[in-house]
Amino acid sequence: MHDSNLAQPLDFCLVDVFAQTRYTGNQLAVFTQARDLTPMQMQQIAQELNFSETTFILGEAAGGGYDVRIFTPVAELPFAGHPTLGTAYVLQRQVIGAPIETLTLNFQGGVIPVKFDYAAAASAFPERLWMRQNPPQFGAVLTPGDLAPVLGIAPTEIDPSVPIQSVSTGLPFIIVPLRSLNTLQSLQINLPLYYQLIERIEAQAIFVFCPEARSGECQFTVRMFADALGIPEDPATGSANGCFAGYLVEHRYLGCDQIDIQVSQGESIGRPSVLSLRAARCKTTKLIQIDVGGVVMLVAQGQFV
């Protein structure tokens with residue numbers, strides 16, 4: 001069999017993750033029976049769909065949980081946030097077929113537990129899903145002079161009270177604090193300078209935030225850019241927001257060692273999304289525990305033939 005051909009039709013679901021209504025949030029395609037696919041076939045399918053990410057469920061693992069692989073249109077990822085919640089939702093609804101409290105997903109970047117919250121005891125489908133991300137690792141610190149030209153802004157528009165820093169909970173992001181919503185909305189990525197920047201650091205994605213939001217339910221507005229991963233701008237990035245949650249606690253941005261907030265992302269590209277972030281520093285281990293939550297909605301089901 002050539003890699004471009006399928007042995008049999010493949011069932012998939014299309015879901016919106018971190019959504020408020022259908023057709024908001026971040027789109028995700030989930031293939032429920034992908035054990036026989038090669039990595040090349042997975043990459044070809046992800047490229048054909050051209051969503052930020054597509055996931056492939058390989059089946060139950062001998063050691064527990066479900067093995068899953070994640071692909072952007074151009075590369076495989078070790079971990080990503082909205083694919084975690086969307087895949088868990090599809091597993092509960094389409095594969096397990098019964099209410100459950102938790103399950104675990106096994107990615108190349110680690111094992112991620114997902115918790116299901118139900119609005120009512122009799123509900124068959126969860127109201128909200130939560131993933132526990134790995135403790136954050138804090139990497140390189142950069143300067144406003146490094147990032148301002150890449151973002152098309154003046155260095156003075158970057159908040160100097162906290163660092164520009166690479167943070168990872170399985171996938172690294174450069175986290176950039178901005179002073180205002182106006183600045184965040186006006187960003188124009190300079191792609192040649194972006195590619196020059198990521199040549200010298202591990203992180204391939206830039207995550208910017210400001211402490212303002214259009215609606216009262218959210219405390220922050222954020223954007224995420226990752227052209228090198230085939231994602232010019234992402235509508236909702238669970239992995240990056242997990243890093244952001246850890247960053248807020250590590251640098252006591254809100255003046256405390258724990259947070260419980262909501263974040264707005266995606267308005268600038270017509271896919272408004274809301275992400276719930278909880279993080280706290282454990283008093284015994286000193287590690288930062290991070291949970292990222294959101295609503296998942298089933299939009300479509302189909303087959304690749």
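To begin, how much accessible surface does the protein chain have, and what percentage of it belongs to carbon and sulfur atoms? After that, please take me through helix α2 (residues 81-96).

Reply: Happy to. This is a predicted model, where local features need pLDDT of at least 70 and side-chain atom pairs count only at pLDDT 80 or more, while totals for chains, interfaces and linings use all residues. Residues are numbered from 1 along each chain as its sequence is written, and side-chain values use heavy atoms, with hydrogens and water left out.

To your opening question: the accessible surface of the protein chain is about 12,900 Å², and 50% of that belongs to carbon and sulfur atoms. Such areas come from the Shrake-Rupley method with a 1.4 Å probe, and for residues only the protein chains shown count as cover.

Now to α2. This helix has 16 residues and reaches 21 Å from its first C-alpha to its last, close to the 22 Å expected at 1.5 Å a residue; the expected span is 1.5 Å times one less than the number of residues. Because 12 of its 16 residues are buried, α2 is largely enclosed by the rest of the structure. Among those buried are Gly81, His82, Pro83 and Gln92.

Thr84 lies in α2 and counts as buried because its relative accessibility is 0%. Leaving aside neighbours within four places in sequence, Thr84 is in contact (heavy atoms within 4.5 Å) with Phe79, Leu105, Phe107, Ile112, Val114 and Met131.

Val90 also lies in α2, and it is buried, with a relative accessible area of 1%. With neighbours within four places again set aside, the contacts of Val90 are Cys13, Val15, Val30, Thr32 and Val95. Of these, Thr32 is 58 residues from Val90 in sequence, yet their C-alpha atoms are 8.0 Å apart in space.

Notes: Helix = DSSP H or I, 4+ residues; strand = E, 2+ residues; numbered from the N terminus. Buried < 20%, exposed > 50% of the residue type's maximum accessible area, 1.4 Å probe, protein only.
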